[in-house]
Amino acid sequence: MHNKQRRHWATRIVLMVLVAGLSACGGSSGGGAGGEPIPPVTQPPSGPSPLDPNTISVLMMGNSHTASVNLPDTLAMVLQALVPEKTIRVERIQQIAFLYQHAQSSEVLSAIDSQTWSHIVLQAQRVSVSHTQVYSTEGAEVLIRRAYSNYAQPVLFPEWGIQSDPTDGQYIHNIHKGIAEKSGACVAPVGLAWDWAIGVDPSIALYAPDGNHANVTGTLLAAFVLAESITGESVDLLSTFHTLDVPANVQALLKQAASETVAQYPPCDY
């Protein structure tokens with residue numbers, strides 16, 4: 001957890017207590033598909049943090065945008081390059097689902113509770129393709145509170161928009177910004193970094209052929225944004241990764257896109 005996140009820690013603990021209190025006093029009961037109740041969350045912990053300052057341990061969950069093109073391993077590679085003095089561990093929940101479904105899964109909640117994670121990356125908030133429907137964010141909020149209760153820093157991962165709609169990335173980001181404003185979670189501005197890169201070089205190929213998922217280049221850009229959001233270290237200073245099938249000049253643009261976007265949209269300023 002970098003310095004900016006530490007400065008926000010006390011505020012977030014207070015916010016968690018307030019949110020828990022409001023829920024207990026008749027706040028929205030919500031629920032997922034079929035009206036099933038969302039499992040209760042544990043209370044904020046007390047006492048010293050068990051986190052190892054020499055380790056970055058990341059648990060990722062989401063849908064195919066997290067699972068495809070080896071994003072967890074790419075993130076681990078970038079994190080190790082950014083902070084070579086630290087031990088890096090990145091794991092992914094194998095279930096592919098929306099966040100409200102993850103919040104209802106005993107296996108997911110057990111995975112959060114079972115180990116000491118420094119960060120939990122949350123992707124797959126349900127959003128409207130037509131931008132006309134509003135979906136509950138309660139599942140994401142449950143997972144955020146669960147992360148905090150285990151000393152982990154939750155990092156929301158708003159993915160890139162679909163290729164055919166240039167307004168989609170900002171729309172998705174704004175939904176996650178709204179969640180962060182209520183919960184204090186960080187927001188890694190992945191989709192906005194895609195918009196930045198495409199704005200600078202419209203010929204850059206970030207999408208898979210389906211126009212929805214990432215190719216290896218888009219996956220590397222997502223990893224750059226997530227890594228800088230987690231560590232607070234600039235990826236723009238990294239050397240070229242020669243093991244990847246992404247040209248050095250393209251990697252340079254991706255690093256600049258990530259660092260410029262994180263600077264413009266600080267992940268943890270909520």
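Does Asp113 count as buried, exposed or partly exposed, and at what relative accessibility? At 30% relative accessibility, Asp113 is partly exposed, a label used between the cut-offs for buried (under 20% relative accessible area) and exposed (over 50%), with a 1.4 Å probe and protein chains only.

The model is a predicted one, where local features need pLDDT of at least 70 and side-chain atom pairs count only at pLDDT 80 or more, while totals for chains, interfaces and linings use all residues. Residues are numbered from 1 along each chain as its sequence is written, and side-chain values use heavy atoms, with hydrogens and water left out. Mean pLDDT (the predictor's confidence in each residue, from 0 to 100) comes out at 87 for the protein, with 83% of residues at 70 or more. Residues 6-36 fall below 50, and this stretch has 39 contacts in the model beyond near neighbours in sequence, a contact being heavy atoms within 4.5 Å. Residues 38-43 are also below 50, with 19 such contacts. Where pLDDT is low, the predicted coordinates should not be read in detail.

Now for the fold. Helices (H or I, at least four residues) and strands (E, at least two) are DSSP runs numbered from the N terminus, and two strands pair if DSSP finds at least two bridges between them. Five strands make an open sheet with parallel pairing, in the order β2-β1-β3-β4-β5.

The whole structure holds three salt bridges, each a side-chain nitrogen of Lys or Arg within 4 Å of a carboxyl oxygen of Asp or Glu. Asp113 pairs with Arg146, with the closest N and O atoms 2.6 Å apart. This pair ties helix α5 (residues 106-114) to helix α6 (residues 138-149), across 33 residues. Arg146 is buried at 9%. Lys182 meets Glu141 at 2.8 Å, N to O, and links helix α7 (residues 168-183) to α6. Lys182 is partly exposed at 45%, whereas Glu141 is buried at 15%.
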